[in-house]
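User: I would like to learn how to read a few features in a protein model. Please take me through them one by one.

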Amino acid sequence: RRVTLLRDGRRVLRFRVAIGRPANPTPRGRFAITDILRVRAPSPYGCCVIALSGRQPRIPPGWTGGARLALHGTADTSAIGRAVSIGCLRGHNRAMRRLLREKPQPGTPVFIRR
């Protein structure tokens, strides 16, 4: 339930996130950043989205938001640290803005572990 940004093996940034709920857990594995989007408010994706190459294989019935995994912001600060999403990782908007200031690039590896 934490995102850690490493550069040359050193921790640059660390922040808490919400993860997938038990019925729709966040898939684990090695993924890559595919797209970086800044979003205008109001949005369920907060300030910004870092889209990943992974897909959520356990989409709930009726979900129309697609199967793509992402690390994105949220205005719902009560969700942070909890298992409440449909698989995406949700961070505070300010943490996501800080992450974007570190200039992540498409192709950057992202490891999702337990």
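Analyst: We will go through salt bridges, cysteines, a surface patch and a pocket.

Analyst: Some ground rules come before that. This is a predicted model, where local features need pLDDT of at least 70, side-chain atom pairs count only at pLDDT 80 or more, and totals for chains, interfaces and linings use all residues. Residues are numbered from 1 along each chain as its sequence is written, and side-chain values use heavy atoms, with hydrogens and water left out.

User: How many salt bridges are there by this rule?

Analyst: A salt bridge is a side-chain nitrogen of Lys or Arg within 4 Å of a carboxyl oxygen of Asp or Glu. By that rule the count is 3. Arg-7 pairs with Glu-102, with the closest N and O atoms 2.9 Å apart. This pair links distant parts of the chain, 95 residues apart. Arg-7 sits in strand 1 (residues 2-7). Glu-102 lies in the loop between helix 1 (93-101) and strand 8 (109-112). Helices (H or I, at least four residues) and strands (E, at least two) are DSSP runs, numbered from the N terminus.

User: Which residue forms a salt bridge with Arg-98?

Analyst: Glu-102 does, with the closest N and O atoms 2.3 Å apart.

User: Is Glu-102 buried or exposed?

Analyst: Buried means under 20% relative accessible area, exposed over 50%, and partly exposed in between (1.4 Å probe, protein chains only). Glu-102 is buried because its relative accessible area is 17%. Arg-7, at 38%, is partly exposed. Arg-98 is also partly exposed, at 29%.

User: Where are the partners Arg-68 and Asp-35?

Analyst: Their side chains meet in a salt bridge at 3.2 Å, N to O. Arg-68 is in strand 5 and Asp-35 in strand 3 (residues 29-38), 33 residues apart, so this pair too links distant parts of the chain. Arg-68 is partly exposed at 33%, and Asp-35 is partly exposed at 35%.

User: Which cysteines does a disulfide join?

Analyst: A disulfide is a pair of cysteine sulfur atoms within 2.5 Å. The structure holds 1. Cys-47 is joined to Cys-48, S to S 2.4 Å. Both of these cysteines are buried. Cys-88 is in no disulfide, and the nearest cysteine sulfur, that of Cys-48, is 13 Å away. Cys-88 counts as buried because its relative accessibility is 16%.

User: Which residues make the nonpolar surface patch?

Analyst: Patches are made of residues with over 30% relative accessible area and no salt bridge: like charges are joined within 9 Å, nonpolar side chains (Val, Leu, Ile, Met, Phe, Trp, Tyr) within 5 Å. Here Tyr-45, Ile-59 and Trp-63 make a nonpolar patch of about 260 Å². Ile-59 is in the loop between strand 4 (48-55) and strand 5 (68-74). At 31% relative accessibility, Ile-59 counts as partly exposed.

User: What volume does the largest pocket have?

Analyst: On a 1 Å grid over the protein atoms alone, a pocket is an open set of points with protein on both sides within 12 Å along at least five of seven lines; lining residues have an atom within 4 Å of a point. The volume of the largest pocket is about 970 Å³. Of its 29 lining residues, the closest to its centre are Arg-2, Val-3, Thr-4, Val-110 and Phe-111. Strand 1 gives the most to the lining, with 6 residues.

Note on methods: Areas by Shrake-Rupley, 256 points an atom, 1.4 Å probe, with all protein chains shown as cover. 1 Å grid on protein atoms, 1.4 Å probe; cavity = no way out; pocket = protein on both sides within 12 Å on 5 of 7 lines; lining within 4 Å. Points joined across faces, edges and corners; volume = space filled by probe spheres on them.
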